[in-house]
Amino acid sequence: MAKTIEELRAIREKMRGQIDLRQKGEDNLRVVVGMATCGIAAGARPVLHAFTEEVRRRGLNNVTVGQAGCIGLCQFEPIVEVYAPDAEKVTYVNMDAEKAARVVAEHLVNNRVVAEYTVGAVEGLK
Amino acid sequence: MKELSLHLLDIAQNCLTAGAKHVEILMRDSVADDLVEIAIKDDGHGMDAELLARVTEPFTTTRTTRKLGMGLPLFQMAAEMTGGELRIESEPGVGTTVRASFVRSHIDTPPLGDMAETIVTLIHGAPDVEFLYRYETDAETVQFDTTEMREILEDVPLDEPDVLAWIRGHLRELMQN
Ligand SMILES: Nc1ncnc2c1ncn2[C@@H]1O[C@H](COP(=O)(O)OP(=O)(O)O)[C@@H](O)[C@H]1O
Ligand SMILES: [Mg+2]
């Protein structure tokens, strides 16, 4: 335990520098995962984990990952929304951890929406 | 829900919606008593007697986006299927306690599942709320308390990605022993 408390202290010192940097950033992207009952039952928890871990691993300081209640499209859960400045909200549906990793790599890093996972693509199939 | 930890995540989200500042998740997992007992306690705004009487009916919710509140009825059904039960105590302005019991050896009792991930998810969603998690078996008790983390972190928030990753690792270690 003593060693891991040391690790936590080290994280604290490292974070203090970075928080200031992030707050100055203008180009913030926001990812929101639906975490109401229907989302949790459909597998939202590992999707949230995948986003937070991928964003952390890649050091994407311009991305925040948050949680929302019921988005109102229960049959499409897990649902993820991506908000970017000067762009329309993108809604991803039927998400899982692998798809989340791809959204991070393509949408959040390279600004290419993964069209096949969006609600528009799924509704188009009907 | 495939895991008890997923029910707990969902039920504890209700505490956050109710504006709780302190949430306790207490579990007793006893082979000797063949029982899993769970209590989720909060100091949120509570429920009046009228709402309390209705919340385990599957069509009750105070949310506006959807008519169906399914979290408590699902948890109750899961408990009762195993021969256990669900009870709720609540007082407006004071808080709420949801208690559930499961018959441990019953085939329909879900596995505990990934409690570390449930706690991390709760902290991520409400980094200013204090969470206490206690897991008690016949042999021993493990406990995790965000107030202890906060003393070390000082002004660094609990929802910093590196902090959440540390908490996940710490909880995984705790749960393994
Ligand atoms: N801990 C709590 N504190 C206050 N009110 C609660 C709490 N838990 C549940 N409730 C009330 O019961 C309702 C039903 O809860 P639930 O079955 O989880 O469905 P939902 O959260 O989707 O509405 C909630 O909308 C809320 O009004
Ligand atoms: Mg609920």
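A nonpolar core, as I use the term, is a set of buried Ala, Val, Leu, Ile, Met, Phe, Trp, Tyr and Cys residues joined through C-beta atoms within 7 Å. Buried means that 20 or more other C-beta atoms lie within 10 Å of a residue's own, with C-beta atoms placed from the backbone.

The model is predicted: local features need pLDDT of at least 70, side-chain atom pairs count only at pLDDT 80 or more, and totals for chains, interfaces and linings use all residues. Residues are numbered from 1 along each chain as its sequence is written, and chains are lettered from A and ligands numbered from 1 in the order in which they are written.

**Core.** I looked up the largest nonpolar core and found 74 residues. Val31(A), Val33(A), Val47(A), Phe51(A), Val80(A), Ala12(B) and Ile119(B) touch the most other members. Helix H1 (residues 4-17) of chain B gives this core its largest share, seven residues. Helices here are DSSP runs (H or I, at least four residues), numbered from the N terminus.

**Chain contact.** I then checked A against B: 23 residues of chain A are in contact with 27 residues of chain B (C-beta atoms, placed from the backbone, within 7 Å). On the side of chain A that touches chain B, H1(A) gives the most, nine residues.

**Helix pair.** Next I took helix H3 (residues 44-57) of chain A and helix H6 (residues 161-176) of chain B. They pack at an angle of about 120 degrees, with axes 10 Å apart. The contact uses Thr52(A), Val55(A) and Arg56(A) of H3(A). From H6(B) come Pro161(B), Asp162(B), Leu164(B) and Ala165(B).

Terms used
Buried ≥ 20, exposed ≤ 12 C-beta atoms within 10 Å, placed from the backbone. Helix = DSSP H or I, 4+ residues; strand = E, 2+ residues; numbered from the N terminus. Axes fitted to C-alpha atoms, helices over the stretch in contact; angles between N-to-C directions. Contact = placed C-beta atoms within 7 Å.
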